[in-house]
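Look at the sequence and the model below before reading on. The text then walks through the structure, from the whole chain to single residues.

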Amino acid sequence: MALKQFQTLLTPISTATVKSKTFGRWSMACFQPGKSFSTATGGENTVTGTGQATVVTQRRGSVVTVAINRPESRNAVNQETARHLLEELEAFDSDPDLKVAVLHGKGGNFCAGYDLKELANHTASLKLEQDVTKGPGPMGPSRLELSKPLIAAVSGFAVAGGLELALLADLRVVEESAVMGVFCRRFGVPLIDGGTVRLPRLIGLSRALDLILTGRPIGAQEALAYGLANRVVPDGQALQAALELAEQISSFPQQCLRADRSSAVYGCYDATSFTQAMQYEIDNGVPVIQSEAVAGATRFTTGAGKGGKF
């Protein structure tokens, strides 16, 4: 079913957590200037000159949804959309009242990558920062190292740069008919938003090279078997399932959750040795014992959570 959808694809599609203590806020000079409002912090939607919001956010308690809203182009990302995605995810990461974000696409597709029409017709205006410590990637938030969980709710196409955005997330909830893949292979557009970095870490080098070198589509069930998808749900249910997962995650003690998440990511990407990874784990875990673990142990002794009950 998923591969039949691939055969009907007519529109060209292509490629497409920041530690503020290291990088601070990136300058938006690498994107075309435009007016924007951060809905993640309670402002208005980000709106284009034509009045259509290219990124739409909504707060649901301690969870925020961030939606790419360019359904006419299967949510392909242009410079303006990339800027707004970056702004909204940075706003989420810095907001103490928000615990989890859900990234999704409007209109039945997650994201078809970078907008090739813009790349073909406005090459002169496209400014790419090659120093990854100094500016964002072409897709916007792809170079972020978020301090809080991000979940991708994947429907339709999540290909090229759209796949790279999905890889930015901690977890991917994927609909049965969704299609993922490095479709930019067909057009000579490279993966420069973390695809060659994150994909091998998530699914292993052999499987990653299969997808990277061939550009072939991968359906939901194969993605689940690979570990690329964390959950597979019926069509039309990815966003709701992702929200339920986000609410569950947001209900746990957050300092402990973020310490464990940070340690796992550090051990995967940054640690140069087992010893260094273990040291990072203990250094970040010990402060949690007094702040959250003692209170949690006290709750357990009164009967909470026994028998594996959540």
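What follows is a tour of a predicted model.

We begin with the overall make-up. The protein contains 11 helices and nine strands. Of its 310 residues, 48% count as buried.

Next comes the inside. In soluble globular proteins, nonpolar side chains tend to be buried together. In this model the largest nonpolar core has 49 residues, and Phe-110, Leu-165 and Leu-228 touch the most other members. Several elements give two or more residues to this core, among them strand S3 (100-105), strand S4 (150-154), helix H6 (195-203), helix H7 (205-214) and helix H8 (220-226). There is also a second, separate core of 14 residues, which includes Val-63, Val-102, Ala-246 and Leu-257.

Helix H9 covers residues 238-250, 13 residues in total, and spans 18 Å from its first C-alpha to its last, close to the 18 Å expected at 1.5 Å a residue. Which residues of H9 are buried? They are Ala-238, Ala-242, Leu-243, Leu-245, Ala-246, Ile-249 and Ser-250. These residues lie on the same side of H9, because they cover an arc of only 165° around the axis. An α-helix has 3.6 residues a turn, so residues three or four places apart point the same way.

Together with Ile-282, Ile-289 and Val-294, Val-286 makes a nonpolar surface patch of about 320 Å². The relative accessibility of Val-286 is 41%, so Val-286 counts as partly exposed. Ala-293 is also found in H11, and its relative accessible area of 36% makes it partly exposed. In sequence, Ala-293 is 40 residues apart from Pro-253, while in space the two are 8.9 Å apart, C-alpha to C-alpha.

Charged side chains come next. How many salt bridges does a search of the whole structure find? The search finds seven. In one of them, the side chains of Asp-95 and Arg-59 meet at 2.9 Å, N to O. Asp-95 lies in the loop between H3 and S3 and Arg-59 in strand S1 (residues 55-60), so the pair ties together parts that are 36 residues apart in sequence. Asp-95 counts as buried at 8% relative accessibility, whereas Arg-59 is partly exposed at 32%.

A salt bridge also joins Asp-210 and Arg-216, at 3.0 Å, N to O. Asp-210 is partly exposed at 27% relative accessibility, and Arg-216 is partly exposed at 22%. Elsewhere, salt bridges that share partners join Arg-70, Glu-72 and Asp-115 into one network. Glu-72 is exposed, at 54% relative accessibility, but Arg-70 is buried, at 12%.

The last stop is the backbone. Most residues other than glycine have a negative phi. Arg-74 has a positive phi, near 55°, and is found in the loop between strand S2 (63-68) and helix H3 (79-94). Ala-160 is not a glycine either, and its phi is positive at about 55°. Ala-160 sits in the loop between strand S5 (157-159) and helix H5 (161-168). Is Ala-160 buried or exposed? Ala-160 is buried, with a relative accessible area of 0%.

Note on methods. Residues are numbered from 1 along each chain as its sequence is written. This is a predicted model: local features need pLDDT of at least 70, side-chain atom pairs count only at pLDDT 80 or more; totals for chains, interfaces and linings use all residues. Side-chain values use heavy atoms; hydrogens and water are left out. Helices (H or I, at least four residues) and strands (E, at least two) are DSSP runs, numbered from the N terminus. The expected span of a helix is 1.5 Å times one less than its number of residues. Buried means under 20% relative accessible area, exposed over 50%, partly exposed in between (1.4 Å probe, protein chains only). The arc is that of the directions from the helix axis to the C-beta atoms. Patches are made of residues with over 30% relative accessible area and no salt bridge: like charges are joined within 9 Å, nonpolar side chains (Val, Leu, Ile, Met, Phe, Trp, Tyr) within 5 Å. Accessible areas come from the Shrake-Rupley method with a 1.4 Å probe; for residues, only the protein chains shown count as cover. A salt bridge is a side-chain nitrogen of Lys or Arg within 4 Å of a carboxyl oxygen of Asp or Glu. A nonpolar core is a set of buried Ala, Val, Leu, Ile, Met, Phe, Trp, Tyr and Cys residues joined through side-chain atoms within 4.5 Å.
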